[in-house]
Amino acid sequence: MTTPAATGSSPDLMFLLSWASHVVTTEHAARLAELGISPRAYCVLVKAVAGALTQKRLGDLCGIDKTTMVVTVDELERAGLVERRLSSADRRARIITVTAEGEDVLARARAIAARIQDDVFAALSDRDRTVFLDVLTGLVDGPLATPARCDRPVRRRTA
């Protein structure tokens, strides 16, 4: 891959972030496939394990639209990794509960994610890793916290 910096022009933030995301997400998807789940399903499991969250709230936390969320929870439910339960506060809402099998898959998926992160960060010094994460977290919590509205929303990779 040739980056803009390698060709003499200034770095292109959108390209660099997109490429880094693509490579890491593709690796994550490939490794999670060994467990029979997708990165999207992993996100749902990570958020749902905290407990007492509705399907809608989980979709919001994972950045998943309503239709995709239904499909994702259907897949997780068929695999025995989550259960839908009626909310005691709103009979129209469903609480997504991670099963014991789901917790086991989640533990293995977290280990995969940690290994990928360790592999990526192996190229950085401890200091650079800390600075990188601090800066990226600041951007995501600040100016990059909310996507801009646009007429044709950008499709997120599902890998």
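R31 touches I112, R115, I116 and D119, leaving aside residues up to four places away in sequence; contact here means heavy atoms within 4.5 Å. R31 itself is found in helix 1. Helices are DSSP runs of H or I with at least four residues, strands are runs of E with at least two, and both are numbered from the N terminus.

Before I continue, a word on the source. This is a predicted model, in which local features need pLDDT of at least 70 and side-chain atom pairs count only at pLDDT 80 or more, while totals for chains, interfaces and linings use all residues. Residues are numbered from 1 along each chain as its sequence is written, and side-chain values use heavy atoms, with hydrogens and water left out.

How confident is the predictor? The term pLDDT is its confidence in each residue, from 0 to 100. The protein chain has a mean pLDDT of 90, and 91% of its residues reach 70 or more.

Let us return to R31. Is R31 buried or exposed? With a relative accessibility of 17%, R31 counts as buried; buried means under 20% relative accessible area, exposed over 50%, and partly exposed in between, using a 1.4 Å probe and protein chains only. R31 also forms a salt bridge with E27, their closest N and O atoms being 3.2 Å apart. A salt bridge is a side-chain nitrogen of Lys or Arg within 4 Å of a carboxyl oxygen of Asp or Glu. In general, side chains of opposite charge can pair when their charged atoms come close. R31 and E27 lie 4 residues apart in helix 1 (residues 13-33), so about one helical turn separates them. E27, at 36% relative accessible area, is partly exposed.

Helix 1 is also the place of H28. H28 is buried, with a relative accessible area of 14%. Not counting residues up to four places away in sequence, H28 touches P39, Y42, A113 and I116.

I turn now to two further salt bridges, out of the 9 that a search of the whole structure finds. In one of them, R108 pairs with D104, and the closest N and O atoms are 3.4 Å apart. These two residues are 4 apart in helix 5, and therefore about one helical turn separates R108 and D104. R108 is partly exposed at 42% relative accessibility, and D104 is partly exposed with a relative accessible area of 42%.

In another, R129 pairs with D126, with the closest N and O atoms 3.2 Å apart. Where do they sit? R129 and D126 are 3 residues apart in helix 6 (residues 126-141), again separated by about one helical turn. R129 is partly exposed at 26%, whereas D126 is exposed at 56%. Elsewhere, salt bridges with shared partners join D74, E77 and R84 into one network.

Finally, I consider how helix 2 (residues 39-48) meets helix 5. Their axes come within 10 Å and cross at roughly 115°; axes are lines fitted to C-alpha atoms, for helices over the stretch in contact, and angles run from 0 to 180 degrees between N-to-C directions. Which residues meet there? Y42, L45 and V46 in helix 2 meet L106, A109, R110 and A113 in helix 5. The residues of this contact divide into 6 nonpolar, no polar and 1 charged. Here Ala, Val, Leu, Ile, Met, Phe, Trp, Tyr, Cys and Pro count as nonpolar, Asp, Glu, Lys and Arg as charged, and the others, Gly among them, as polar.

Note on methods: pLDDT = per-residue confidence, 0-100.
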